[in-house]
Amino acid sequence: MSAALLLMIGLPAFAGVFLLLAGRRLARAATGLSITVASLTLATAVVAAATAPAVVLPFVSPDGAALAVDGLTAVLLPTVAAVALLVLVFAGAEGLRPEGRFHGLMLLFTAAVMVTVTATSLPALLAAWEIMGATSYALIGFRWQEARTMPAGLVAFAVTRAADLGIYAAAGAAVVAGSGWRLEDLAAADGPWLHVIAAGMLIAGLGKAAQLPFSFWLSRAMEGPGPVSALLHSAAMVAMGGYLLLRLEPLLLASGWAGPAAAWIGAATAVVLGIVALTQSDLKQLLAASTAAQLGFVVLAAGLGATAGGAAQLIAHAATKALLFLVAGAWLTAVGTKQFPALRGIGRRWPVAGAAFLLGALSLAGLPPLSLWWAKDAILAAALHIHPALYAAGLIGAALAAAYSAKMIAIVWAAPSRQERTDTEQRLWDTEQAGTRGIPSAATAPLVVLAVAAAVLGILAVPGLSEPFRRLLNAEAEAESTVWELAASAVIALVVAGLVLRRGTPSIAAASHWFGLERISAAVLVRPMFVTAEALARLDGRLNAAVTGAGRMLGDAANRAGSLDVRLNAGVNGVGRVLGRTGAETDTLDHAVDRTLGVITRGTASLGHLVRRAQTGAIADYYAGAAMVTVAAFIFLIVVR
Amino acid sequence: MLSIILFFPVIVGVALAVWRGLPARAGGLVWLAATIIDLALLMVLTATAGTGVNGLKAEERVNWMPQLGSSYHLGVDGFSLPLLLLTGVIFVACAIWSLRENDRPRPQAALFLFLQTTCLGLFAAQDLILFFVFFDLSIVGMYFVIAGWGHGNNRRSALLFFLYTFLGSLALLLGFIGLYLGADPHTFDMVELSQRGAFTGTPVAAGFVLAAIVLGLAVKTPTFPFHSWLAPAHTDAPTIGSVVLASLMLKMGTYGFVRIAMPMLPDTWRSWAWVIVIVGIVSVIFGALVALVQTNIKRMIAFTSINHMGYVILAVGAAGVVGRNTAEAQQLAIAGAVTQMVSHGLITGALFLLAGVFYDRTGSYDLGKYGGLAGPAPRFAGFFAVAAFASLGLPGFSGFIAEFQVFTGSIGTVPWALLALPGILITAVLFLRAFQRVFTGETKGLSVGFPDLHRRETMALTVLMVLVVLIGIVPGPLLGMIAPAAELLVGNLQP
């Protein structure tokens with residue numbers, strides 16, 4: 001069913017562009033159109049996943065846009081389409097405005113994700129990859145009137161594009177290596193180029209997945225509206241970084257070093273960003289750091305070759321995190337802040353949203369029997385087979401996840417006294433924006449759906465039950481978690497969560513600022529770039545001065561030549577006069593000679609005049625001069641010939 | 001047919017120039033009609049013309065100066081056809097833009113019609129003398145555009161432009177004469193000169209000839225360090241003058257590389273390709289970095305032109321590095337270079353039109369004097385954002401097609417081309433920074449009460465941007481047009 005494949009991409013793409021062009025004229029009709037299109041996209045995505053079609057279209061090369069659905073794609077397509085639909089329903093219920101621009105960009109983004117997931121060749125992949133980045137920029141800066149949003153979008157776009165350069169480099173290296181641009185052929189490249197390709201793709205994946213050292217862009221991306229974070233910064237765009245590495249696992253393994261590098265970077269991110277998450281005092285910042293940390297498990301899985309575990313983690317995390325971001329967004333809209341002190345006990349005020357949030361947070365904590373517990377343990381089982389240190393790092397990451405989740409739960413479900421509550425409402429609410437004091441009931445429906453998904457999706461990674469899923473991904477041989485491992489991680493999560501609920505969390509100043517990653521990159525890369533740019537601009541000024549100086553020197557030279565000419569003229573004139581006088585005196589010379597000399601004199605004089613005129617800057621004279629040079633060149637040519 | 005397309009604009013231009021009684025508004029309409037008819041004829045020619053013996057379409061040849069081995073020889077192929085079509089489109093956009101011009105509209109229309117003929121003639125010429133004549137006439141035309149309709153320090157800028165590019169053209173002429181002398185029998189015919197072994201001189205002589213030609217073309221393109229004329233010329237040129245200058249006249253330089261320098265001196269090109277590659281990489285990075293710190297919008301766009309033309313130079317240089325199994329990469333690089341010429345023409349044309357809106361409304365190009373402009377002028381903001389993203393090479397627009405091919409092809413023959421990759425990152429930062437400063441945040445400064453785009457402005461921009469998107473999504477037809485010529489050139493470059 002290649003029609004389903006094309007519709008799944010074409011529908012949101014065209015609808016998105018249409019909504020963007022139609023602008024404000026559609027107003028609320030935009031929401032209806034957008035939800036309809038998103039539903040159709042989900043339906044076609046399911047059909048495409050079931051029928052596994054393939055299409056080859058010309059793009060940069062005759063087969064540049066090769067799209068196909070295989071096992072990994074088949075599980076991701078419905079996930080992304082479903083989350084997109086739920087998020088759009090939520091945003092529609094919340095009444096995010098202007099509708100045309102928001103829904104248009106979201107649909108365009110969804111189309112780009114659909115292409116990313118199905119692309120089997122580099123040009124199409126890179127194209128969709130960068131369009132995701134650009135729509136993300138526009139969505140982070142959705143409220144462009146606020147000073148903070150656009151610079152945040154710029155940071156996010158610039159950092160991810162810097163990583164994207166890896167794909168450009170890989171595509172170039174694939175040309176040298178003669179392997180072609182098909183993703184499955186990349187691993188067959190030989191020689192040093194294989195390593196360039198692997199490095200390029202690895203960097204691109206790490207950048208999008210907000211892994212170390214790129215993580216900080218995700219912190220800035222939190223300036224975007226809640227639904228944007230729910231789709232882009234949990235289920236789709238960030239997840240695509242993890243997806244790409246899972247997809248390219250053969251390439252990573254073929255290079256020898258890229259697989260372990262991915263595994264270690266993933267594990268490090270799970271730990272470091274876990275610590276960052278633990279120390280945040282802003283709900284969305286905590287969720288962002290946690291997203292990077294959870295994606296760390298996916299990247300770890302990709303490095304280990306644990307496709308099934310990685311895919312299960314991607315899906316379970318997508319549902320869990322989309323839910324948490326949506327609730328955070330709903331609270332932000334309702335009370336105008338996402339700072340923890342202001343959110344104490346907010347779960348009790350809107351119980352449905354609070355309960356959904358609780359379920360999501362428990363899943364994020366890795367508590368049994370919720371989805372992320374199963375998924376994460378499938379990856380940890382694979383890690384234990386490769387290297388105990390990776391397993392240990394993974395366990396630490398899991399413990400941190402339990403800790404920061406418990407921190408959220410402790411705050412959201414705190415039971416402040418009435419006095420304390422009115423105090424909070426008066427002092428701390430509406431500090432970031434004006435709150436509406438309500439969560440529309442239509443907006444809670446998607447929350448419930450996502451909460452159920454976050455609870456049960458772990459089935460994909462339950463030992464014994466995960467057979468069909470593993471077969472779909474061709475991953476039957478991968479290690480499954482044992483009862484002991486599952487029990488160990490459950491105990492660790494429970495103990496850590498209990499400790500945090502009881503004792504609270506430590507505050508680490510460095511971690512609360514994301515370990516200064518952005519400041520470091522500014523100092524190491526951005527500032528030197530601007531300093532160089534300023535220096536080059538000065539150099540350019542000097543070059544200009546040199547050019548005009550040279551021009552002036554030429555002018556001076558012409559002037560001097562001109563004055564020389566005048567003197568020469570005078571000399572000739574003088575000679576002429578002397579000769580003429582002599583002629584007249586001696587009478588031996590013909591008058592004709594005198595006349596001839598007069599002509600010469602006049603001629604020379606007028607020539608001198610001409611040269612002097614040439615310095616007036618009148619363009620016609622320069623042109624005449626140049627034309628004379630041209631004519632001279634021609635004469636030279638004819639003579640030579 | 002080709003001659004009609006060439007000279008139709010200038011004939012209408014002469015008529016406009018002498019017809020004093022014509023009302024100003026009607027003059028603009030006549031101009032627009034002429035450009036549309038010319039573009040329509042061009043499209044008919046593209047669709048119908050068959051390929052002749054020399055691999056050229058719509059070939060025409062009339063004896064002109066037989067004793068000099070020069071003839072009136074026209075013809076189009078995969079390199080010239082896209083640029084001819086680009087010329088047609090750009091002048092249509094300029095004519096739409098100027099429908100309500102108040103400053104001497106009739107002479108301006110006449111001058112631009114003259115310029116159109118010179119641009120078309122240059123891209124269709126198959127004789128070096130003819131090429132040179134159009135090359136120089138375009139410089140003269142542009143001088144009058146800048147000096148006559150420009151603003152600011154326009155006379156000085158026009159003179160600098162004229163002298164600099166004219167000196168460049170003299171170097172080019174010397175090179176042409178060298179080519180003429182090197183051929184046996186002596187000829188200025190470009191088809192004959194492009195045949196294998198046409199240049200019979202010593203390698204040293206060939207080196208000097210190539211140096212002269214490259215110098216002339218490098219000034220016109222312009223590449224670092226011959227770009228000093230570009231920024232002042234753009235800053236002080238009228239809006240549509242900047243458009244023609246950036247969209248078409250810069251292409252004359254880069255077109256010269258693929259049309260003259262590479263096929264006529266292939267051996268020498270191969271020997272010196274590394275120099276070209278270095279100049280290309282330096283231009284890319286230099287142009288991007290200097291653009292990054294500009295505060296004048298027109299200067300900024302001018303420097304991004306140096307960056308974008310740098311990709312072309314990089315690609316044509318890399319295409320000259322021949323090794324085992326590099327044919328595919330070379331072809332990619334050349335196709336990328338030509339696509340970039342078209343793409344840059346359309347995108348930068350749109351950007352200069354948008355820059356003109358600033359001057360038109362407030363008289364200031366200063367980025368710092370605006371803020372939150374998206375509020376009063378949302379359509380303007382939308383077009384600027386789209387054009388900026390197109391210029392920074394976002395997929396979905398033509399720039400990506402060009403740059404992806406340029407990079408993959410160049411890296412395919414010269415791995416050092418990787419060094420140019422940060423260019424697309426820096427352009428991204430500079431465009432988005434400019435956008436952010438001017439259009440977002442609180443509405444302040446000159447943005448207050450800024451009128452949004454008029455209908456004719458929207459129309460002209462739409463014409464350009466629709467093509468940019470079309471090429472970006474369906475590049476097949478354009479690439480198919482370029483491919484045969486690129487293949488031929490790659491064959492020519494094989495030792």
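These legends describe close-up views of a predicted model. Local features need pLDDT of at least 70 and side-chain atom pairs count only at pLDDT 80 or more, while totals for chains, interfaces and linings use all residues. Residues are numbered from 1 along each chain as its sequence is written, and chains are lettered from A and ligands numbered from 1 in the order in which they are written.

**View 1. Chain A and its elements.** Chain A holds 26 helices and two strands. Both are DSSP runs numbered from the N terminus: helices are H or I with at least four residues, strands E with at least two. Of the 641 residues in chain A, 54% are buried (20 or more other C-beta atoms within 10 Å of the residue's own, with C-beta atoms placed from the backbone).

**View 2. The largest nonpolar core.** This core has 455 residues, and A:Ile197 and A:Ala322 touch the most other members. Such a core is a set of buried Ala, Val, Leu, Ile, Met, Phe, Trp, Tyr and Cys residues joined through C-beta atoms within 7 Å. Helix α6 (residues 149-177) of chain A supplies the largest share, 21 residues. Leaving aside neighbours within four places in sequence, A:Ala322 is in contact with residues including A:Val83, A:Val87, A:Ala230 and A:Leu450. Contact here means that the C-beta atoms of two residues, placed from the backbone, lie within 7 Å.

**View 3. Where chain A touches chain B.** Chain A gives 51 residues to the contact and chain B gives 52. On the side of chain A, α6(A) gives the most, with 15 residues. That side has 37 nonpolar, nine polar and five charged residues. Ala, Val, Leu, Ile, Met, Phe, Trp, Tyr, Cys and Pro count as nonpolar, Asp, Glu, Lys and Arg as charged, and the others, Gly among them, as polar.

**View 4. Helices α14 and α16 of chain B.** Helix α14 (residues 378-391) of chain B packs on helix α16 (residues 422-439) of chain B at about 170 degrees, axes 9 Å apart. The pair is therefore roughly antiparallel (angles over 145 degrees). Axes are lines fitted to C-alpha atoms over the stretch in contact, and angles run from 0 to 180 degrees between N-to-C directions. B:Phe384 and B:Ala388 are among the α14(B) residues that meet α16(B), whose residues there include B:Phe431 and B:Phe435. The contact has seven nonpolar, two polar and no charged residues.

**View 5. Around B:Ala110.** B:Ala110 sits in helix α4 (residues 105-124) of chain B. B:Ala110 counts as buried because 23 C-beta neighbours lie inside 10 Å. Not counting residues up to four places away in sequence, B:Ala110 touches B:Gly13, B:Leu16 and B:Ala17.

Notes:
Buried ≥ 20, exposed ≤ 12 C-beta atoms within 10 Å, placed from the backbone. Parallel < 35°, antiparallel > 145°, perpendicular 65-115°, else oblique.
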